[in-house]
Each structure stands twice: as C-alpha cells, then as structure tokens.
Amino acid sequence: MLRINQIIKILCDMKPYAPYTYKSKTDKVIDKIHGRLLAIVIIIIAALALCIALYKLTSFAKTDVMVNVIYGLYFTITFIGLIIIILPPILGVKHLIDWKRESFNDFICEISHDEENAKLLISYSEIELLYAIHWLQLKINRITVRVSSFFGEKTAVLSILGLCYSAVQASIGFDTLSKTFIGDLSNTNSTNTVIMFGLAFLLGISLGALMLKKVANHQLYLKEIIELAIRIKKDIQNG
C-alpha cells in the first residue's frame, strides 16, 4: 500500500525558505540590541508612569527634582525610541551595500533548506513520491480553476484595486461613499448602499482568490520538493 498519508503529513510541516530563517551575525546582534532596548523602554515607561502618578497624587513629590526626573525619563524614552526606529534602516542599508553577497548567501541557504526538506522523503519509493506529486498537481489544478472562474488566470492586486477605484468613481463617487460610511445607512440613498455592499463583496472575493493563489503556490513548492527528493534519491543510487 502506498504511504501517501505519511508523505502528506511530512509535507504539512514543510515551509519555504525565508530570509529571516537563517540570520547573519550582524542581524542577530541588531535583533539582540533591538530586544534589549525595547525592554529598557518598557521599564522606563513604567517608571515614568509611576513618577507622574506620584507627582499628581501626592504632595511630597511635587518638587523640581521630580519634574526634572519626569523630563529626563521622557527624553530618554524618546532617544531610545529613535534608536529603535533607526536600527532597521541601518540593517537595510547594509543589505543594499552588500546585495551581491547577501543574495548569494540567501541562495545558498535556500538550496540547503530545500535539500533538508527533500531528504525527509528519500526513504519512500519513487512510485510513492510520484503518486504524491499526482495528488499535489491535481490539487493545484483544482485551485487554479476555482481562481480562474472568478477573475482569470492573471488576476493581480493592482488590477483589483483599479477595478474597485473605477467602479466607485464611475458609480457614486468617493464623496458619496464617504457619506455612506459616516452617515446613517438608513438615511442614505438605497442604490448607493447596495453598490457599497456590492463593492465590499467584490473585495471579499478578491481577497479569497488571492488566498487560494497563495495556497496553490505552496502546493507547487511541495511538489518541487518531492521532485528534488526523487532526484537526490537517484543520485544516491547511481553514486
């Protein structure tokens, strides 16, 4: 009996490579600094809240020293907050400067990641893996048909937004649409209300179609992993 259920369970735990999966030493250092600064800010905010409460609720704390402490804590929080905001752009500039090396490192990590996933499947026979590919391709085809039935094969976010914008502008205009949202629905024109809900329905279908495309892309990745497992298995047998 083909062990298709076991293969599917293994595939369910697989995820495509993401750049944040394998971080460089610089990324880890910046993340560590970011986390510590965030913890410090939380502690200082708690201290600031305590000082403000004491200053407002008690008489002995209403001194110039307490005011200076409050201002000092406030400016410290602002300074650390600016550092936290600046850290990600600095990391981004570093990646832009070393984009060639970073891209090759990501590519190497992606190959290693996919090979590790594929090695989890080499214990299964080629017939079983081909059978799993058959079902994955069948699932991809079904999802593609469902998406194509709504918007066609080349639906994109920009085309959907353009369609919504054109529909609103040509039908009721954005001024009327804003009045419909802000005002009472019972006091607005019924036609405008129907069009508004129609546009909301269109947006919901669009988001659903995009989610189905994401699922199909993930199924395609799993299919590629199985094909890689078959290739590694053949290389091992031939070697």
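Some ground rules. Residues are numbered from 1 along each chain as its sequence is written, and side-chain values use heavy atoms, leaving out hydrogens and water. In this predicted model, local features need pLDDT of at least 70, side-chain atom pairs count only at pLDDT 80 or more, and totals for chains, interfaces and linings use all residues.

Helices first. Here they are DSSP runs of H or I, at least four residues, numbered from the N terminus. Take α2, residues 25-57, and α3, residues 64-97. Their axes come within 9 Å and cross at roughly 160°. Axes are lines fitted to C-alpha atoms over the stretch in contact, with angles from 0 to 180 degrees between N-to-C directions. So α2 is roughly antiparallel to α3, a term for angles over 145 degrees. What classes of residue make up the contact of α2 with α3? There are 25 nonpolar, four polar and two charged residues. Nonpolar means Ala, Val, Leu, Ile, Met, Phe, Trp, Tyr, Cys and Pro; charged means Asp, Glu, Lys and Arg; the others, Gly among them, are polar.

Next, Y124. Look in the loop between α4 (99-119) and α5 (126-151). Y124 is buried, at 7% relative accessible area. Buried is under 20%, exposed over 50%, partly exposed in between, with a 1.4 Å probe and protein chains only. Q6 lies 118 residues from Y124 in sequence, yet 9.6 Å away, C-alpha to C-alpha.

Last, cysteines. C51 is buried at 13%. C109 is partly exposed at 24%.

Terms used
Helix = DSSP H or I, 4+ residues; strand = E, 2+ residues; numbered from the N terminus. Parallel < 35°, antiparallel > 145°, perpendicular 65-115°, else oblique.
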